[in-house]
Amino acid sequence: MATLVDKTVLMDEDAIRRALTRISHEIVERNKGTAGIVLVGIRSRGIPLAERIAAAIEKIEGTRPAIGVLDITLYRDDLSTLAYQPVVRETEIPVDITGKTIVLVDDVLYTGRTIRAALDALIDMGRPKIIQLAVLIDRGHRELPIRADFVGKNVPTSSKEEIRVMLEEHDAEERVVLAERQEA
């Protein structure tokens, strides 16, 4: 049986805050303001990250972009390998996404399969003008031709390593850790 052993702290609370502030500025700059932007957090840690980015954008521009929540469970390509009855949570996007600039927000970009599922889910809801991707960590190892538009930190990893993002809203602590799988 494998266990995860923490190797190093990649980001502390201040580094996470700084990365999200930078991402917020980059979103505003690339899109020439906030008009038509909808931030969509992928469950689960993408949601608080999207909320923090929206708050930072509001400080920068004085307007808060709409925020949505996306559950991709039924769009996953590994659904048959998950639990017999996977838990599906609600998707809540408060505006029509047709013609909007959607910024998908997630904690870690790895193989790209989560993002592919999120793209499928979004396209089922409407036809956005453009879909952009913001991630806190890009760890490489892509299996699909997907890249992030906005990245907090690039962290090359080995296949034995994992990135653990811990956010106050979910984990009662705030940090990003590089951990390694070790056989017991």
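**Notebook: salt bridges, sheet and cores of a predicted model**

I began with D149, which forms a salt bridge with R147, the closest N and O atoms being 3.2 Å apart. I took a salt bridge to be a side-chain nitrogen of Lys or Arg within 4 Å of a carboxyl oxygen of Asp or Glu. R147 counts as exposed at 58% relative accessibility; buried means under 20% relative accessible area, exposed over 50%, and partly exposed in between, with a 1.4 Å probe and protein chains only.

I noted the ground rules next. The model is predicted, so local features need pLDDT of at least 70 and side-chain atom pairs count only at pLDDT 80 or more, while totals for chains, interfaces and linings use all residues. Residues are numbered from 1 along each chain as its sequence is written, and side-chain values use heavy atoms, with hydrogens and water left out.

**Entry: further salt bridges**

I recorded a count of 17 salt bridges. One of them joins the side chains of E161 and K7, at 2.4 Å from N to O. E161 belongs to strand β7 and K7 to strand β1, so this pair ties together parts that are 154 residues apart in sequence. Helices (H or I, at least four residues) and strands (E, at least two) are DSSP runs, numbered from the N terminus. I found E161 buried, with a relative accessible area of 9%, whereas K7 is partly exposed at 44%.

I then looked up D120, whose salt bridge with R116 has its closest N and O atoms 2.3 Å apart. These two residues are four apart in helix α3, and about one helical turn separates them. D120 is partly exposed, with a relative accessible area of 34%, and R116 is partly exposed as well, at 22%. I also noted a network in which salt bridges with shared partners join D6, R164, E173 and R175.

**Entry: the open sheet**

In what order do the strands of the open sheet stand? I read five strands in the order β3-β2-β4-β5-β6, with parallel pairing. Two strands pair if DSSP finds at least two bridges between them. The edges are β3 (66-70) and β6 (150-154); each has a single partner strand, so one side of each is left without a neighbour in the sheet. The twist averages 25° from one strand to the next.

I followed the pairing of β4 and β5, which is parallel and runs over eight bridges. Within it, T101 stands opposite I130 in β5. T101 lies in strand β4, residues 101-109, and is buried at a relative accessible area of 5%. Not counting residues up to four places away in sequence, T101 touches N31, G36, I37, V38, K129, I130 and Q132; contact means heavy atoms within 4.5 Å.

I turned to the helices on the sheet. Helix α1 lies across β2, β4, β5 and β6 and runs at about 150° to β6. Helix α3 (residues 113-123) packs on the sheet and touches β2, β3, β4 and β5, its direction making about 155° with that of β4. For such angles, axes are lines fitted to C-alpha atoms, for helices over the stretch in contact, and values run from 0 to 180 degrees between N-to-C directions.

**Entry: nonpolar cores**

Which residues have the most contacts inside the largest nonpolar core? I listed M11, I27, L39, L136, I163 and V176, in a core of 29 residues. Such a core is a set of buried Ala, Val, Leu, Ile, Met, Phe, Trp, Tyr and Cys residues joined through side-chain atoms within 4.5 Å. Elements that each supply at least two residues of this core include β1 (2-11), α1 (13-30), β2 (37-42) and α2 (46-61). The largest share, seven residues, comes from α1.

I checked L39 separately. Leaving aside neighbours within four places in sequence, L39 is in contact with residues including I27, A50, I53, P65 and V103. Another core lies apart from the largest one and has 20 residues, among them V38, I93, I97 and L122.

**Entry: backbone points**

I found a cis peptide bond between R43 and S44, with omega about 5°; S44 lies in the loop between β2 and α2. K32 has a positive phi of about 55° although it is not a glycine. K32 sits in the loop between α1 and β2 and is exposed at 78% relative accessibility. H141, also not a glycine, has a positive phi near 70°. I placed H141 in the loop between β5 and β6, where it is partly exposed with a relative accessible area of 36%.
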